[in-house]
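My notes follow in the order in which I looked.

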Amino acid sequence: MARLLILGAGVAGHTAASFAQRWLGKKHEVVVVSPNSMYNWIPSNIWVGVGRMKPEKVVVELAPIYRKAGIDFRQARCLSIHPEGGESGGQPYVTVECTDPARRGEREEIAYDYLVNATGPKLNFGATEGLGPEGNSLSVCTYGHAEAAARAFEESIQRMERGEHQEIVIGTGHGMCTCQGAAFEYLFNVEQELRRRGVRDKATLHWLSNEYEAGDFGMGGMHLKRGGYVTHSKVFTESLLAERGVNWHLRAHTTAVEPHKVHYETLDGENHELPFDFTMLIPPFAGVGLQAYDRKGAEITERLFNPGGFMWVDGDYQAKPFEQWEASDWPRTYQNPHYPNIFAAGIAFAPPHPVSKPMKSVNGTPIFPTPPRTGMPSAMIGKAVVASIRDMLNRGATEPTHTASMAEMGAACVASAGTGLFNGTAASMTVYPIVPDFKKYPEYGRDLNLTFGELGLAGHWIKYILHVMFLYKARQRFGWSMIPE
Amino acid sequence: MTNPKPYEQGYFPPVPTSATRFWRTNLLWQVWRLLRINMKMVRVIRASHR
């Protein structure tokens with residue numbers, strides 16, 4: 001019997017654990033280590049952040065699900081990986097620190113035969129002075145953050161109802177953020193809520209983003225066939241901003257957040273400031289900061305992780321200019337090159353380079369979106385990694401048998417622009433592939449028959465259906481494995 | 001919220017006409033779009049799972 005250890009229980013980790021138990025459970029042992037007791041369906045946090053959904057509607061308790069499935073769940077934070085074992089033997093292991101209230105702070109070692117690192121991101125609020133809920137801005141990255149944002153938003157609305165004017169700034173809190181989509185959704189949900197409450201005229205809304213052009217979303221944007229033209233997502237995004245009366249500030253690196261003022265630098269080297277009464281700014285992501293040690297206890301973190309804390313896998317990490325990037329640079333199997341029994345999934349893997357073109361301000365400050373790898377790609381990577389491990393354990397495969405390159409897969413994404421059964425809207429989008437492949441699709445890097453976008457009520461219904469469907473899947477209810485990632 | 005003035009930022013992008021806005025929330029049309037969008041998403045999901 002072998003032990004598969006999965007670090008993390010987010011979209012990638014929970015998907016990996018669910019399929020691992022289904023495929024390996026009778027013959028092998030599946031262990032999940034996560035510091036959180038809950039699975040959070042993060043795409044719905046934006047509705048929590050405007051007070052239109054209760055936090056308990058976007059989470060599922062992990063322990064009962066894993067107990068029923070026969071997965072060994074440890075509520076703990078991983079501290080270090082020892083891929084060569086320790087002085088007492090060559091069995092690889094990790095060290096963890098319990099976060100379960102009953103055993104908080106206790107440390108233990110967990111041995112493994114195969115390891116999947118699906119730890120997700122560290123929300124790196126510390127990268128920008130004053131950023132984050134412990135500083136001067138809000139966040140919707142966790143359900144707890146979103147709940148706090150909803151309380152602050154309600155206070156802001158009450159001020160407007162008393163006749164006060166409010167400046168609202170929503171966007172990215174650093175020049176190298178990803179996940180612009182979440183901030184973008186929050187912006188339009190805030191705008192719609194202000195209209196619903198009859199105070200829209202009391203607020204000025206600002207979209208602050210590190211994108212070179214609106215609608216980049218860390219993917220270099222996308223081209224769509226619409227109205228007889230092939231049009232970049234910049235046009236549709238600016239259209240929505242203009243329609244909803246939002247001012248936009250692009251190519252911006254947030255340098256500091258004071259109690260009522262955001263400071264930012266733009267690509268032209270100019271420094272700006274935006275006063276605010278309410279602000280939600282997404283933080284940049286970093287790896288969770290795992291350390292690695294060899295058998296003798298010497299640190300080998302750089303063999304497993306890049307300087308940002310993301311795990312090296314089978315990508316082409318050779319530094320090269322934007323013009324020489326290729327789809328084949330992107331990892332396919334997510335296997336660590338030094339330790340073949342270690343894989344990464346979701347945000348935890350190190351991308352070979354961004355998707356959007358890297359830009360630097362005249363002062364040398366990098367200002368460009370880093371690549372997104374949340375949602376559908378995260379889940380697909382988690383499933384592919386576990387399928388490879390299954391084949392290595394059960395069928396004697398010596399190499400990973402399944403691939404999930406972001407340059408060979410598409411993504412379906414629904415970005416809410418306001419909630420409501422009859423008056424909600426959302427942008428339904430698909431891109432194929434996620435990472436443009438200019439060899440295969442020389443004009444725009446993507447298949448224009450599979451890349452589309454449309455705004456409407458149907459998008460809102462789809463987003464809500466996805467909310468219900470993926471929480472059903474997360475609970476491992478009847479037929480869960482039939483629901484695609 | 002007022003209309004953007006000439007040469008303001010919001011003056012330049014295309015904005016939807018009242019007809020476009022109407023169809024965005026018209027129930028019958030949106031039920032049809034729900035089916036069409038789902039079909040497109042299924043095509044992308046199938047292409048990704050090859």
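Predicted model: local features only at pLDDT ≥ 70, side-chain atom pairs only at ≥ 80, totals over all residues.

I began with α6(A), where S233(A), T237(A), E238(A), S239(A), L240(A), L241(A), A242(A) and E243(A) are buried, buried meaning under 20% relative accessible area, exposed over 50% and partly exposed in between, with a 1.4 Å probe and protein chains only. The helix is thus noted as mostly covered, with eight of its eleven residues buried; helices (H or I, at least four residues) and strands (E, at least two) are DSSP runs, numbered from the N terminus. I then looked up what these buried residues pack against, and found α5 (180–196), β11 (203–208), β13 (229–232), β14 and β24 of chain A together with α1 of chain B, contact meaning heavy atoms within 4.5 Å. Just after α6(A), G245(A) takes a positive phi of about 70°.

Residues are numbered from 1 along each chain as its sequence is written, chains are lettered from A and ligands numbered from 1 in the order in which they are written, and side-chain values use heavy atoms, with hydrogens and water left out.

Next I turned to the interface, where 41 residues of chain A are in contact with 26 residues of chain B. The two chains bury about 2,800 Å² between them, 71% of it on carbon and sulfur atoms; this is the accessible area (1.4 Å probe) that two parts lose on being put together, summed over both. I noted two salt bridges between chain A and chain B, a salt bridge being a side-chain nitrogen of Lys or Arg within 4 Å of a carboxyl oxygen of Asp or Glu. E454(A) forms a salt bridge with R33(B), their closest N and O atoms being 2.6 Å apart. Among the elements that each supply at least two residues of the side of chain A that touches chain B are α6 (233–243), β22 (411–418) and α9 (457–474).

Last, I looked up W330(A), which sits in the loop between α7 (301–304) and β21 (342–344) of chain A. W330(A) is buried, because its relative accessible area is 1%. The C-alpha atoms of W330(A) and H353(A), 23 residues apart along the chain, are separated by 8.5 Å. Leaving aside neighbours within four places in sequence, the contacts of W330(A) include F349(A), P352(A), H353(A), M406(A) and V435(A).
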